[in-house]
Amino acid sequence: MFRMTFTIAIDGPAASGKGTLARRLAAHYGFRHLDTGLTYRAVAKAMLDAGMPLDDEAAAVDAARAFDIGNMQRDVLAAHEIGEAASRIAVMPGVRRVLVERQREFATRPPGTVLDGRDIGTVVCPDAPVKLFVIASPEVRARRRYHEILGNGGEAEEQAILADIVKRDERDMNRADSPLKPARDAHLLDTSEMTIEAAFRAARRFVDAALGENS
Ligand code: C5P
């Protein structure tokens, strides 16, 4: 069994603001951060690069064991088609087993960790002392993604992004293994009408309270 350090578990759908929140919290508390979406993306990229069919579970399991978790390239893995492929390989229980094991190992690293994804509070770290479930309406999330792409000099169409977000939510919430849903003891943060600063403040209150209880 792994012994977890103090872990903040953050879940939520694509573009809900959970990644930004996770990075801010990790910087604030001096904790290590793992964006678990990148682990699914790393497997998807390995499969695409090798020209393997995305439903080849044996090959995907090998890829899940092989990639270097300390050297995932966010900018490369951010590509839209990699996200789409990641949500397809994420339905395979064999792949999830290997990645969850590697994510739990990360959660043992001192002095504390922040993990964000879809199943951190429910499956990966069910004993985490702080669990946050971050949501925002699909329209707000599509608008954020749109402005992010434009801000990076790219081109996009807001309606197409919205359709993608709805499709990905559907796949993530309805899969049989580890669907996206809040843990029973998760704090819900709806960021639709909230600035990142306000969400960060609200999250810090939950973390500070739990740290107080842990000390
Ligand atoms: O968060 P991100 O968009 O990078 O995740 C890509 C895909 O990986 C998600 O759509 C989801 O299907 C999958 N994923 C998952 N469990 C996690 C993190 C991501 O199934 N903990």
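Okay, let's start with the helices: H2 (36–50), H5 (80–89) and H9 (158–174) each give at least two residues to the shell around the ligand. By helix I mean a DSSP run of H or I with at least four residues, by strand a run of E with at least two, and both are numbered from the N terminus. H2 supplies the largest share of that shell, four residues.

Before going on, this is a predicted model, where local features need pLDDT of at least 70, side-chain atom pairs count only at pLDDT 80 or more, and totals for chains, interfaces and linings use all residues. Residues are numbered from 1 along each chain as its sequence is written, and side-chain values use heavy atoms, with hydrogens and water left out.

So who's around the ligand? There are 15 residues, and Arg 41, Arg 96, Asp 119, Arg 168 and Asp 172 come nearest; being near takes a heavy atom within 4 Å. The shell splits into eight charged, four polar and three nonpolar residues. Here Asp, Glu, Lys and Arg are charged, Ala, Val, Leu, Ile, Met, Phe, Trp, Tyr, Cys and Pro are nonpolar, and the others, Gly among them, are polar.

Now some distances. With Asp 119, a side-chain N or O atom lies 2.9 Å from a ligand nitrogen. The protein covers 95% of the 450 Å² of accessible area that the ligand has on its own, by the Shrake-Rupley method with a 1.4 Å probe.

Where does the ligand sit? It lies between domain 1 (1–31 + 111–215) and domain 2 (37–110), because both give residues to the shell. Those bounds come from an automatic or database domain assignment.

The peptide bond from Pro 110 to Pro 111 is cis, with omega near 0°, and Pro 111 is in the loop between helix H6 (93–106) and strand E3 (112–117). Ala 15 isn't a glycine, yet its phi is positive, about 60°.

Terms used. A polar contact is a pair of N or O atoms within 3.5 Å; within protein, one must be able to donate a hydrogen and the other to accept it, and residues adjacent in sequence count only if both atoms are side-chain atoms.
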